[in-house]
Amino acid sequence: MSKKIESHLTEDRVFKPSKEFSKKARISSMAQYKRMYQESIDKPGTFWAREAKELGWQKKWTKALEWKAPYAKWFVGGKINVCESCVDRHVREGRGNKAAIIWEGEPGENVTLTYRQLQREVCKFANVLLARGIKSKDRVLIYMPMVPEAAIAMLACARIGAVHSVVFGGFSAESISDRLEDCKAKAVITTDGGYRRGSIVPLKANVDEALKRYKDVETVIVHQRTGDKVTMKKGRDVYWHEEAAQVSAIHEPKGFDSEHPLFILYTSGSTGKPKGILHTSGGYLTGAYTTCKYIFDMQEDDVYWCTADVGWITGHSYIVYGPLANGVTQVMYEGAPNFPDFGRFWDIVEKYSVSIFYTAPTAIRAFIKAGDEFPDSRDLSSLRLLGTVGEPINPEAWMWYHEKIGGGRCPIVDTWWQTETGAIMISPLPGCTPTKPGTATLPFFGVDAAILDETGQECRADEGGKLVIRKPWPSMLRTIYGDKKRYRDTYWNDYDGMYTAGDGARTDKKGNFWIVGRLDDVLNVSGHRLGTAEVESALVSHKVVAEAAVVGRPHEIKGQGVVAFVTLKGNAKSSDALAKELRNHVGTVIGAIAKPDEIFFTPALPKTRSGKIMRRLLKELVETGSVSGNTTTLEDHEVIAALQKQVSGK
Ligand code: WTA
């Protein structure tokens, strides 16, 4: 059995969907794609109005788009209740007894919620929120593991017009308090704990810690997941089940303005603190809905499974809002892919007959390493479509996914998008687009993507440049919460009226987009964005650290690993124990995902004459072991020579 698949430097393998797949697909020919794409670009109002109409509005809009760069308003004057659209509408349309969420806990138990049951739970929880004084536009922070209650909490917020901000359950107490501080949340929804790789993550304890710093939270609602004892502060902390027992299971959803804020989700940028990306209602839902419908080709009898966490944008758009807006049946899994072993995902696929499966390249690489016996010994014949997201997928991983998981018959949709874009932007359509390992292929409907050079000229085929979107799209971010200036500066400053994604890319002669990766100081670790500045400031917050520089290094499984260069204060001494302490410190400040794989202690960092740390040189050093790039602006060449010795000596 070979674990490696040969690598092809220039990718010439092309995979077309089978006739059988195309016949049943929503978009079944390139001609149909091109026709619809052209319409979506020439007449975006007409195109998107047709899609949006399917969502069930309480009041129709008067104007599809109002665009005053960089601010877009979609479906102006329309009123919609996002939760109604995702839940009640399906009960009304006869899907009440259809499974909405089939949930499996890490220890192995499972629960199925039909659309009717989901409606009941969401209504009750909306009434709980109202009873606790939560009002429209109040911010609610959600810090939960992958349990159905996480989706219920999000939907209940949407139902009453409250704005949720989900914080990934792997983040630390400090991350929670920073986000609470930024969005000024009034309530927190959490659980006692959650299961991860056989142990329990103490979520409520982290919330308690965060609330020592941020004191304006009036209510903490705790869902009992593990049954572990937690501290409950009188008057502030209440149990979900006790509150839910006291309220009605009926709640009339009111329509909110199409531009009503739906959620804030924090994501890393190249400088300073995480950015609170703000998404609103009508346009966002239209984007999530339409991409699910066409890219995942969702059909009435599909069983869909996205392995992301609700703490990331993928969990928002492709676990909660998109799939539920489509009325599909989906699987939700609480735990780790390798618990009790690397067969767990494939057991789940087999057990629930999953037909559409969406995961990340980092997971695929971990599966390749674990060995083929895990998928080989399971029946994966229910699968018909595979997807990937989060980072560029290397052709080896693509081929393995195609052959071992897809049995050679399932199209793969490599989907490029971002927290900011809200929904998938570049991706094959499974019933028509010829795919090639490593490219996200063509823009989705309404997406006017291009690659530009520094002067704003469009790059020629195979010439690398900056990826931009030239026209507004329904699910685009509306702003950075509380920071309009940063919104403009980050996304709209490079070219007039165009959105810059911060990714480098090129197109080939067929127009396929090949994403190269981030252009800014943002790492992509296991498909998750981490600002180098964030990790650096976490390191510097330790009492012995004077200065830190963080760069990414290619990592076999994680895509990128975190490498830190650290200078110490005064007479502090470097040691392996200190390196370990610093790693744990980063874990405490941000979360385990940000822990450096390696820390180099150094007497000085390479800087320019004006004092800027030259991360570019450090990056080259960790990637290649030496520095050959331009060092003319370097202040002290000795520093690099010394570091070179240190890095290559490791
Ligand atoms: C990267 C995740 C190549 C990219 C949905 C982007 C990808 C960042 C792909 C956004 C892909 C995501 N191919 N690169 N298919 N998907 N990326 O905000 O660098 O967590 O800018 O959103 O991930 O990460 P975010």
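Predicted model: local features only at pLDDT ≥ 70, side-chain atom pairs only at ≥ 80, totals over all residues.
Okay, let's start at the ligand: 17 residues sit around it, and Asp414, Thr415, Thr419, Asp503 and Arg529 come nearest. Residues are numbered from 1 along each chain as its sequence is written, and side-chain values use heavy atoms, with hydrogens and water left out.

So, who touches the ligand's oxygens? Aspartate 503 has a polar side-chain atom 2.8 Å from a ligand oxygen. For arginine 518 that distance to an oxygen atom is 2.9 Å, and for glutamine 418 it's 3.0 Å. A polar contact here is a pair of N or O atoms within 3.5 Å.

How much of the ligand does the protein bury? Taken alone it exposes 530 Å², and the protein buries 96% of that; areas are Shrake-Rupley with a 1.4 Å probe. Helix H11 (313-325) and strand E25 (513-518) are the elements that give two or more residues to the shell. Helices and strands are DSSP runs numbered from the N terminus, H or I of at least four residues for helices and E of at least two for strands. By class, the shell has 6 nonpolar, 6 polar and 5 charged residues. Ala, Val, Leu, Ile, Met, Phe, Trp, Tyr, Cys and Pro count as nonpolar, Asp, Glu, Lys and Arg as charged, and the others, Gly among them, as polar.

Next, a helix pair. The axes of H4 (residues 82-95) and H6 (residues 148-160) come within 7 Å and cross at roughly 120°. That makes H4 oblique to H6. Axes are fitted to C-alpha atoms over the stretch in contact, with angles from 0 to 180 degrees between N-to-C directions; under 35 is roughly parallel, over 145 roughly antiparallel, 65 to 115 roughly perpendicular, and the rest oblique. Val82, Cys83, Glu84, Cys86, Val87 and Asp88 in H4 meet Leu155, Ala158 and Arg159 in H6, with contact meaning heavy atoms within 4.5 Å.

Most residues other than glycine have a negative phi, and most peptide bonds are trans. Here, the bond from alanine 69 to proline 70 is cis, omega near 0°, and proline 70 lies in the loop between strands E1 (63-68) and E2 (71-76). Phenylalanine 75, in strand E2, has a positive phi, near 55°.

Technical notes. Near = heavy atom within 4 Å. Polar contact = N/O pair within 3.5 Å; in protein donor to acceptor, adjacent residues only side chain to side chain.
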